[in-house]
Amino acid sequence: MARASRWSKEQRANLLAMVRNGISEQSIREEFVTTDGKRGKRTMTAVEFAQQLKQAMVEAGEIKQAAPQKKAEKKSEYEVTPTGRLTINDFAEITGFKPGQFFVLEKPRGRSNAWRVVPVDQAS
């Protein structure tokens with residue numbers, strides 16, 4: 001759950017203007033004072049400065065925050081025939097192996113449930 005910012009939108013706009021005017025980070029941080037847990041005053045930390053500056057830039061439209069667009073993987077489904085054969089029509093294009101190569105089916109190892117299709121070296 002996100003917590004509310006200690007600084008308002010107007011204060012963030014002021015912070016961005018100060019950065020644009022070339023005022024040093026330390027000087028800006030000393031101007032932005034807040035209360036700590038014991039009701040004492042403390043200056044803005046470097047992490048808070050970075051967060052507030054980024055938020056101010058987003059609010060000013062300088063930075064656009066958008067979720068990355070990720071294409072969904074197309075999953076192929078394969079069926080085992082009643083005789084126990086598995087036909088994978090796109091095996092060569094998925095794996096890069098050429099027709100005529102031989103493979104061995106290995107049992108799952110350890111706690112895995114995944115069967116492995118391993119190429120066989122024909123030299124032996």
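I begin with what covers the buried residues of helix H1: among the covering elements are helix H2 (25-31) and helix H3 (46-60). This is a predicted model, in which local features need pLDDT of at least 70 and side-chain atom pairs count only at pLDDT 80 or more, while totals for chains, interfaces and linings use all residues. Residues are numbered from 1 along each chain as its sequence is written, and side-chain values use heavy atoms, with hydrogens and water left out.

Helices here are DSSP runs of H or I with at least four residues, numbered from the N terminus. H1 itself has twelve residues, 9-20, and reaches 17 Å from its first C-alpha to its last, close to the 16 Å expected at 1.5 Å a residue; that expected span is 1.5 Å times one less than the number of residues.

Which residues of H1 are buried? They are Arg12, Leu15, Leu16 and Met18. Buried means under 20% relative accessible area, exposed over 50%, with a 1.4 Å probe and protein chains only. Glu10 and Arg20 are exposed, on the face of H1 turned away from its buried side. Just after the helix, Gly22 takes a positive phi of about 90°.

Let me turn to Lys70. This residue sits in the loop between H3 and helix H4 (91-95), and counts as exposed because its relative accessibility is 79%. Between Lys70 and Ser8 there are 34 Å in space, C-alpha to C-alpha, and the two are 62 residues apart in sequence.

Key. Helix = DSSP H or I, 4+ residues; strand = E, 2+ residues; numbered from the N terminus. Contact = heavy atoms within 4.5 Å.
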